[in-house]
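Q: I'm new to reading protein models and I'd like a close look at one spot. Could you walk me through a single residue and then show how it sits in the whole chain?

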Amino acid sequence: MAKKIPFNVVFASDEDVNFPASELNTHGPTVHGWRSTVDGSLTTHDIILRFQQPAKIYRIQLLAHQYLIPEKVELWLHYSPKSLPSTPSSQYFDFLGFVALADNANTNYKSRELQSVTVTPRRGTHLKLRLIGSQDNEYNRTGQISLLAVNVLGEDLDVGTSSNGNGNGNGEDHIGSEAPPLDTATGELALASICDDLLFSMYVEESIVKYIRELEQRKTLAVSSERFEYARKLKLCMTALRTAGERLGRYSLAKRQAVQQEDFTTAKLRKEQMEMYRASVLRQLQVQQLLESQGVQSSNDQSCEIYAGGKPSLPPAPSLQEVAHALAEAALSPKSITSQSQDDKSSTDGSLGQASNESVVAVPASSVPVPTVPSTLHATPTHTGGWRKSHDEIPQSPRLPSRHSSPMCSRQGSLRRRNKSVPRNSYEDYEERAIPTLRQECQGNALLEADPNRGRSRLNDRERRQAALPILVFGSELVEQFYSRQFQDREDGLMRLRNFLKELEVVEVASNEHAASPNKVARSAALLLHRAVRDAVYSVFSQATETVRVLFLEYVPGRVSPSEVARCVDRLLPELLAKSGDPSARLHTLAQHTILSIAACPEVAEQSLVAPALSRSVGSGTHQRLAMSRLQMLEQLVHTQGISTDKHSGLTCRALSECGCSGIHHPAEPVRKVAERILLLVYKINPRMVRKQLPPDDDITRRNLLYRQLFTEFDKLDLDRKQELLEASKYVGGHSSGDAATPPTDKPTTSSDASRLLKSKSGQGLGLAASSSNGYASCNGKQQYNEQLKRSMLSASNSRKGSASNSESTEDNTPKIHCPFCNWSCAGSDATQLDRHYWKACPFLTKCPQCSQVLEVAALNYHLTTECDAKESYVVCARCTESVHKQLYELHQMEDYCRELKTGSARCPLCHDDVHLPLDGGWKLHLLSAAGCPGNIRKKNPKKSN
């Protein structure tokens, strides 16, 4: 595996005196890096690195400066075996490529760019970096460039391999057949140690890096010996040590800056701070025990409390003031106190008083030496406060340290700096400021205990104007919590507002003698919630949505006027709709639930305030998540509130069908699926409206898979509706034909036999069912299908009821067989008689000329083109909608009866005449009248009453 190749800089074309090229030899947080001379005349700068021994190169890493950035860096490699002399004149470098660096303007010149270049494995002994040009910016007016660090990753060459080279001394000695070692999990270059990466070694303190290297070696041995619990502890320990090492790296950088500014008091405090924090980290993580310097320890193979819950917690870092007090207490040991008190007898103002007044550490030469301070700090409690306890005795949380774990709980003073002329650096500000997310830190607790409102920002004039009404209703304290920069304050404000709306908490407002009206309370709450629902913190957004639900479901009903309710919905609904389109599942799910809760409010439902915003057309450019959320909420509203006839409700058949038709054209399949479900819900109520929004149901349209699936579902709904009407009509006819006490059991044989005999090959019921689902039924009056079908079924049931009553009056209880089409009847219960009637005599039926199947005359055209065995030979005439044989199609169009079909009519396939009102008794009148169909070879026979 690849590792860091050590090197030395042997040549640099130029360098700044304060930033020499030798800085590139080492890595660490305090490394300056190399810089070119100021106002130099060179535009190209060369730096040559010599590896300590020949190596095979896999990757080169470069870390650029924040603003002293070259335009590009060229990489050149030279290889010379040890058997050949290597001088600058004899070196020949092979060009590997170049790296272009960004101008860093998008980060405001505050971040550093790290470039990692993976090269083909090559042998090399020297690496030349050629830096060309400089990128001008407001911080670099002199054309100076810099390079902070260089890292070379590869493998050392064996002695035999390096000495058996061909001796040409160029970079062509690469191993083309070998590939760099890759990590099987990530696909990246496999490193022998994480410490070899430049991103790690430049920001982690050097002593911690050494510990991590040792722990990595122990982990490899633990895995090989199958000590997996020990290996898990080592992995967690290395992760925690990296975090602590980065903090120590910042401390060392701050110490170096203090030394440069000659602020030696701060430098001393920083040094002690690093030692104290390093010792506490190593002790809490049990690093010495994990290293097993005394041999294998069985306790490492057992679970312990520190590593039981995943990543172990780190001890809190001591601040500079804690370090100063610790040094003062260490200096004031009992021996020094005795000698100091004897000296104070002859002095009016003791030096101890002066030191304490100035808060400056002044340790006499005879006091306890500095190196013993860390061991003294963890001894028994001293006489000056007794606050020192071992960090191991106090359980700590990794994010929220205990407020009693620091002496700052009892002290609120700040450390005075001896050298006041030197400005404070950013590292001191970072260490001593109160971080908002860790307000329970020691110093933050002391400040907040002294003044609870100290951590809360005051409202400016603009915010006071915006929140004038909420301040008047709820008071400035609650409103300041909503405008606070700390998310805990915003959560507390939402909880207080929710309790107020639940009437569990009374907000005292000094400026109001009387309570505000419900309208003002709702308007003020909406103003505050409008700000809260836009919060980027999920916990705040969750509290805001809960408060919105309480507002509309508990406070608004029966209190707030309809106009004020509409104003609140108009303010909150757009923000919640925007959140419903968030890619995060927990955000858009919570937003959808909140919108549906608002729609469930009675006052909101009466005014139809939510549905119109959801039923707007969905454009093809609408984000998938937003479109899907809108359609899902609209579908839920249809289930809960139903389809309305009010044109302003947003839940009318027209609005829903338009929204659904726009949704089925969305490019995302999940959106189309939800839109199809909405169209099916509307189709159950108003099929005509849905089909009006869609293309005509013909063969060309059904070639589209989307429309084919949709029209197939429509056909299923039509068939289900027809079967329900048929069953209802049979039930009514059965009850009317028999006695009141006798159940309607006289016609099951007839209906079952008819369905058995006339069942088509595609599984549909009969010709009437088939004709309702054919492609040209929409041209033959299918758009009036629902209204006319019900009337025709009722008329057929009435006619059967009359005939049944007449026959029963003459023949009391004699069983009879009835034809459901032509009202033919026959005494007896033999089912074969009805079959013979269907096969030969019923004028309502006919035989297919191709397959001889018995079916309704009205369904013959549909059968020939879709169900018959010879359906491939038939086509539908575009003019008269009849089924015509392909070979006779041209002759058919020249016939006189091939004419345009009238609206609301059907074409009889036997006589080619128009049948008016085909779904309202037209076919019965045409086929069963006295004259009958001229082309029907079956004539209506008189009823057989034998």
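A: Let's start with a word we'll need: a residue is called buried when its relative accessible area is under 20%, exposed when that area is over 50%, and partly exposed in between (1.4 Å probe, protein chains only). Keep in mind that this is a predicted model, where local features need pLDDT of at least 70, side-chain atom pairs count only at pLDDT 80 or more, and totals for chains, interfaces and linings use all residues. Residues are numbered from 1 along each chain as its sequence is written, and side-chain values use heavy atoms, with hydrogens and water left out.

Our spot is Ser36. With a relative accessibility of 1%, Ser36 counts as buried. You'll find Ser36 in the loop between β3 (34-35) and β4 (44-64); the strands here are DSSP runs (E, at least two residues), helices are runs of H or I with at least four, and the numbering goes from the N terminus. What does Ser36 touch, not counting residues up to four places away in sequence? The list is Asp14, Glu15, Asp16, His45, Gln144 and Ile145, where a contact means heavy atoms within 4.5 Å.

Two other loop residues are worth a look next. Glu292 lies in the loop between α6 (287-291) and α7 (320-331), and Glu292 is buried because its relative accessibility is 5%. Its phi is near 55°, a positive value in a residue other than glycine. Most residues other than glycine have a negative phi. His912 also has a positive phi, near 65°. This histidine belongs to the loop between β15 (905-907) and β16 (914-916), and His912 counts as buried, with a relative accessible area of 18%.

Arg531 is partly exposed, since its relative accessible area is 33%.

Now zoom out. The protein chain has 35 helices and 16 strands. Of its 946 residues, 46% count as buried. Take the contacts between residues at least 6 apart in sequence: 68% of them join residues at least 24 apart. The accessible surface of the chain comes to about 47700 Å², and 51% of that belongs to carbon and sulfur atoms; such areas come from the Shrake-Rupley method with a 1.4 Å probe, and for residues only the protein chains shown count as cover.
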